[in-house]
Amino acid sequence: MKKALFFAFAILFVFQLNGQDNAAAISDQNYFVTRNREELIRKLVDLPCGIKADDPVKVIFGKMKVFLVAFQPSPEYSDDIYAKAANLQALESAMEGGYGIGSVLISQDGKIIAAAHNSQMQKHRSDLHAEMTLMTDFEESHKSKKYMILYVYKPGLTVFSSAEPCPMCFIRINTAGADTKYCTPGPDDGMASRTDFLPPAWKEMALKRKVSLGDCSPVMQKFSHLLFYSFLLDDRGPK
Ligand SMILES: [Zn+2]
């Protein structure tokens, strides 16, 4: 009888834990979808940087910058150092009037060897996503010789993006032979988590590389997501 009671409690306990886990996962997933300006403003006000609902766009970005610059990555989250650097790039683009997406290139020994941000609007170029600019500038630089064989990167390089790479960028990263990491998922546009939808040859190539969501703190994930959707603040971009 005691045994039966113990199992009943154990089952109830596990069931409750699972329930909590599911609730947490669902609530997190919901955070990474922002449908309109009001929702974006609510989430920005909720960040720990003192943003007010009626702050002008410039003031919002200014407060985000103060927080990001002072942010001390914790060893608890091994990729926060890269998330901070990618978010600073994303913010730079947003402050220039562009889309808030940034990325960094990480060497085999964990050093940031290149950084870039989206500049489609700034340079009127459809291809200038953060990862594309990062890789083009890196490949054309002198330092790339140490890390490349013809057009392919030597093993161990990682492209770390503030947002999950789109199909164009993900294929470019794979073609170069780099691994992919990102701070925040792209529920509507990300390709890194949808390799099953690639044509067989591209899928085979993608499976040879490491692809994963970074080990980032919730606050860095929120920054990445909200910077991605910062275009909603002043409705920037083509109509
Ligand atoms: Zn892209």
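Helices (H or I, at least four residues) and strands (E, at least two) are taken as DSSP runs and numbered from the N terminus. The structure is a predicted model, in which local features need pLDDT of at least 70 and side-chain atom pairs count only at pLDDT 80 or more, while totals for chains, interfaces and linings use all residues. Residues are numbered from 1 along each chain as its sequence is written, and side-chain values use heavy atoms, with hydrogens and water left out.

The protein chain contains nine helices and seven strands. Of its 239 residues, 45% count as buried, where buried means under 20% relative accessible area, exposed over 50%, and partly exposed in between (1.4 Å probe, protein chains only). The accessible surface of the protein chain is about 13,200 Å², and 61% of this belongs to carbon and sulfur atoms; areas come from the Shrake-Rupley method with a 1.4 Å probe, and for residues only the protein chains shown count as cover. With contact defined as heavy atoms within 4.5 Å, 61% of the contacts between residues at least 6 apart in sequence join residues at least 24 apart.

The zinc ion has three protein donors, His129 (ND1), Cys166 (SG) and Cys169 (SG), at 2.0 to 2.3 Å. Donors are N, O and S atoms within 2.8 Å of the metal (3.2 Å for Na, K and Ca); water is not among the atoms, so sites may look incomplete. The sequence spacing of the donor residues is H-x36-C-x2-C. His129 is placed in the loop between α5 (120-123) and α6 (130-139), and Cys166 in the loop between β5 (158-163) and α7 (167-176), so the pair ties together parts that are 37 residues apart in sequence. His129 is buried, at a relative accessible area of 19%, and Cys166 is likewise buried, at 14%.

His117 belongs to strand β2 (residues 112-117) and is buried, with 11% relative accessibility. Beyond its neighbours within four places in sequence, the contacts of His117 include Gln89, Glu92, Ile101, Gln122 and Thr133. Its C-alpha atom is separated by 9.3 Å from that of Ala94, 23 residues away along the chain. Ser217 lies in the loop between β7 (211-213) and α9 (218-228) and is buried, at 5% relative accessibility. With residues up to four places away in sequence not counted, Ser217 touches Phe71, Tyr77 and Asp80. The C-alpha atoms of Ser217 and Tyr77 are 6.0 Å apart, although 140 residues separate the two along the chain.

One cavity of 30 Å³ or more is found in a search of the whole structure. A cavity is a set of points, on a 1 Å grid over the protein atoms alone, where a 1.4 Å probe fits but cannot get out; lining residues have an atom within 4 Å of a point. The largest cavity holds about 60 Å³ of space, and its lining includes Ala163, Thr184, Asp189, His225 and Tyr229.

Most residues other than glycine have a negative phi. Leu150, in the loop between β3 (148-149) and β4 (152-153), has a positive phi near 55 degrees and is exposed, with a relative accessible area of 79%. Asp235, in the segment after α9, also has a positive phi, near 55 degrees, and is partly exposed, at 49%.

Conventions:
1 Å grid on protein atoms, 1.4 Å probe; cavity = no way out; pocket = protein on both sides within 12 Å on 5 of 7 lines; lining within 4 Å. Points joined across faces, edges and corners; volume = space filled by probe spheres on them.
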